[in-house]
Amino acid sequence: RLLKHASACRDANCPSANCRKMKDLMRHGATCTTRVQGGCAICRRIWALLQIHARQCTRGSCPVPKCASLKAQLAQMQHQGAEGETTTAS
């Protein structure tokens, strides 16, 4: 819920204790040059949160960054996995 809140929150003085921390993490993810591939632990944590969110999200237009693309990627992987199961069962 915090990820969704922080993604949509525009209040600089938000009363949520962790909103600013989550916003800072998302800002880091958008600007980091090391990235997950380079070994950035913060980016790795952010990607884990985004993937968990995308697996559970049912909103059509979600404010969470990368949600739509991650949902599409997960759906494609599920589709490919289902195809693989039917071809190996034949």
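Which residues line the second largest pocket? The structure is a predicted model, in which local features need pLDDT of at least 70 and side-chain atom pairs count only at pLDDT 80 or more, whereas totals for chains, interfaces and linings use all residues. Residues are numbered from 1 along each chain as its sequence is written, and side-chain values use heavy atoms, with hydrogens and water left out.

The second largest pocket is lined by Arg1, Leu3, Lys4, Met22, Leu49, His53, Gln56, Cys57, Thr58 and Arg59. A pocket here is an open set of points on a 1 Å grid over the protein atoms alone, where a 1.4 Å probe fits, with protein on both sides within 12 Å along at least five of seven lines; lining residues have an atom within 4 Å of a point. The volume of this second largest pocket is about 200 Å³. Its lining divides into 4 nonpolar, 3 polar and 3 charged residues. The helix α3 gives the most to this lining, with 3 residues.

The largest pocket has a volume of about 270 Å³. Among the residues of its lining are Met26, Val36, Gln37, Trp47 and Lys66. Here too α3 gives the most, with 4 residues, and α2 and α3 each supply at least two. By class, this lining holds 8 nonpolar, 2 polar and 2 charged residues.

Gln37, one of the residues lining the largest pocket, is found in the loop between α2 (19-31) and α3 (41-56). Because its relative accessibility is 73%, Gln37 counts as exposed, a term that requires over 50% with a 1.4 Å probe and protein chains only. Cys57, which belongs to the lining of the second largest pocket, lies 20 residues from Gln37 in sequence and 25 Å from Gln37 in space, C-alpha to C-alpha.

Terms used. Buried means under 20% relative accessible area, exposed over 50%, partly exposed in between (1.4 Å probe, protein chains only). Grid points are joined across faces, edges and corners, and a volume is the space filled by probe spheres set on the points. Ala, Val, Leu, Ile, Met, Phe, Trp, Tyr, Cys and Pro count as nonpolar, Asp, Glu, Lys and Arg as charged, and the others, Gly among them, as polar.
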